[in-house]
Amino acid sequence: MRKSGLYQRLLGKIFPLRGIGGMQADSSSCILKNMAGDFLARLNAAPVLCDGATGTLLYAKGIFINRCYDELNVSQPDLIRGLHHEYLQAGAEVIETNTFGGNSFRLERHGLAGKVREINFAGAKIAKEAAKSFDAWVAGAVGPLGVRIEPLGKTSFQEARDAFREQIAALLEGGADILILETFGYMEELHQALLAAREVNPRIPVVAQVTVDEEANCMDGSTPEVFAPRLQERGADVIGCNCSVGPVAMLDAIERVRAATSLPISAQPNAGIPRSVEGRNIYLCSPEYMASYARKFVAAGVRLIGGCCGTTPEHIRVMKSALRATQARARRTADAQVKTEAAPRAVAAVPLEKRSHLGAKIASGEFVAMVEIVPPKGTGIQKELEGARYLKSVGVDGINVPDSPRASARMSNQALSLLLQQQAGIEAILHYTCRDRNVLCIQSDLLGAAAVGIRNLICITGDPPKMGGYPDATAVFDVDAIGLVNIVHNLNRGLDIGGNPIGIGTAFAIGIGANPGVPNIDEEISRFEYKVEAGAEFAVTQPVFDLSLLENFLRKIEHCRIPVIAGIWPLVSARNAEFMKNELRVSVPDSILERMTRASSPEAAREEGIAIAREMLVSVRDMVQGAQISAPQGRYSSAVDVLEALGGTGVGAD
């Protein structure tokens, strides 16, 4: 992933877009549609009717959902041409190309990543041929990439923009008159699509549409008061909403969009919320109902009207009649007073030294000592509680609580962390993974953790479910560790996942994981850089058995160094060492394996494992700023035995 910053701003001035030919708007002129370049002038004169759903019709015609619908432009062009004709005959003045998923990321899932140009060029050409005799506009349809981009994913802004540029270039080459960027839930991804469109052709009209929930918020939490002015600032020509909700909820959203921008507005709602009928999702809004809301959308200031999922040519036909009968004319807005919310401002984050005991020690450069306590598989926590009290008594700084390690089913580590803090009086360092939570749940969890007094986090992606005892369990992975750090960093600054203010910020000390022993160390360093850029403040490594790998890692991160806490693992047997090396992919040198193999009894093996861990701890003491000691099989005394190698340093210096 190529580095491009957390939230790039559009630099420079976007070229103002004018209709080709300079034709002035005239609502009585019958030649307004003769030139595609006058699309924006036509919008200013009167509402324009777009088509409806593509996928709905294709499914109704027997095309199963496991097919790549975009590829039908190449393999079944007559089918797609016929679909366009149905909408044109129903009265649509704009038809969208069958290319919603025509980017390289989505096509790659079907083995078609190399056919981006062919599929999009064909889609635009088919639509252009169909629209010719109807004097209609062709809109190149561009949907989201289907992957997460920075700051919430590993795909960079540049990679996203390149993918959009490739698709858009093919659509315009095939004859698209305008672009409709639709069903976007994340502002940063839509921003890259807008930039790509302007790079391909600065003068092409661009409709930027987001998808919203029942509360009118985007998936990233952006409200109409935030996303509308932001899209206007970033160069969209038309701003609107499509998909996800039916006419009622979309009208509420559109009214708020109208108050926040002076640009023309678009609306393409679903034909209601789908209902499951005999195993199929059916959209139940009648054509007459959609038509009644078409009039309401026009009265609210909408200029481009159409439909999304569940909308058929019959819906469009009745909507056309309703618009023609009422001769709706939305008020002009060129000189309207625009009411926009000020861009949300971050609050100052609480200084690291004031967030927690651990944060204070890290900020002051002191050596920190942490011990891992794994949550139980049941509800009893007596052993863990007694262990935490014992560890506190010997001066351990904090308890590291992993989140269902190796995808095992265990008690919530957040619940255990809270109980340990309340009943043992020692700080917890909460491992927080992305595996089981979407971004909404992540924000909810983190706000709850902050409210109950958890102050230390280690942000990690998490082990996939297939590693554990429940391989059929599903994972979420809305974001990876990089995106998670971004979320926590913003929460510390009083901003939610959509960049909206939440009041007082959280006060988390932000930790991350690192693995000095991975085969592809350059990729690990690259991800480390991104995590630091996102806001990471300390790192905890995987168990260290090979000092040369740790030394190499530390050299490679000198340019982005944050305090590093070394993981130390007291091996308990030769089998344990083999498991670490061959199944967890931790670098365990042969010399370590040999020492563990020579142990004559289980007790001797445990003693040898403690001796090795003590040697590692002493060796890394001056290289890092702390140690996390694991306690295999819940043997907390073994962890203390290891820490005693530091003498009076680190332990007992509370």
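In what order do the eight strands that close into a barrel follow one another? They run E11-E12-E13-E14-E15-E16-E17-E18, with parallel pairing, where two strands count as paired if DSSP finds at least two bridges between them. From one strand to the next, the twist averages 25°. Strand and helix names come from DSSP runs (helices are H or I with at least four residues, strands are E with at least two), numbered from the N terminus.

Before we go further, a word on what you are looking at. This is a predicted model, in which local features need pLDDT of at least 70 and side-chain atom pairs count only at pLDDT 80 or more, while totals for chains, interfaces and linings use all residues. Residues are numbered from 1 along each chain as its sequence is written, and side-chain values use heavy atoms, with hydrogens and water left out.

The predictor's confidence in each residue is its pLDDT, from 0 to 100. The protein chain has a mean pLDDT of 86, and 86% of its residues reach 70 or more. Residues 1–36 have pLDDT below 50, and this stretch has 84 contacts in the model beyond near neighbours in sequence; a contact means heavy atoms within 4.5 Å. Over residues 328–343 the pLDDT also stays under 50, and here the model has 27 contacts beyond four places in sequence.

Strand E15 (residues 509–514) pairs with strand E16 (residues 538–543) in the parallel sense over four bridges, and Ala514 has Thr541 of E16 as its bridge partner. Helix H17 (residues 481–492) packs on the sheet and touches E13, strand E14 (456–460) and E15, its direction making about 150° with that of E14. Another helix, H15 (residues 413–424), lies across strand E12 (398–401) and strand E13 (428–433), running at about 170° to E13. Such angles run from 0 to 180 degrees between N-to-C directions, and axes are lines fitted to C-alpha atoms, for helices over the stretch in contact.

Now for the open sheet. Its eight strands have the order E1-E10-E7-E6-E5-E4-E3-E2, with parallel pairing. Strand E1 (48–49) and strand E2 (94–96) stand at the edges with a single partner strand each, so one side of each has no neighbour in the sheet. Strands E3 (residues 137–142) and E4 (residues 178–184) pair in the parallel sense over four bridges, and Gly140 has Leu179 of E4 as its bridge partner. Helix H9 (residues 224–233) packs on this sheet, touching strand E5 (206–210) and strand E6 (238–242), and its direction makes about 140° with that of E6.

H9 also meets helix H10 (residues 247–258): their axes come within 9 Å and cross at roughly 55°. The two helices are therefore oblique to each other (under 35 degrees counts as roughly parallel, over 145 as roughly antiparallel, 65 to 115 as roughly perpendicular and the rest as oblique). Pro224, Glu225, Phe227 and Ala228 of H9 make the contact with Ala253, Arg256 and Val257 of H10.

On the H4 side the contact is made by Pro77, Ile80, Arg81, His84, His85 and Leu88, and on the H6 side by Ile126, Ala127, Glu129, Ala130 and Ala131.
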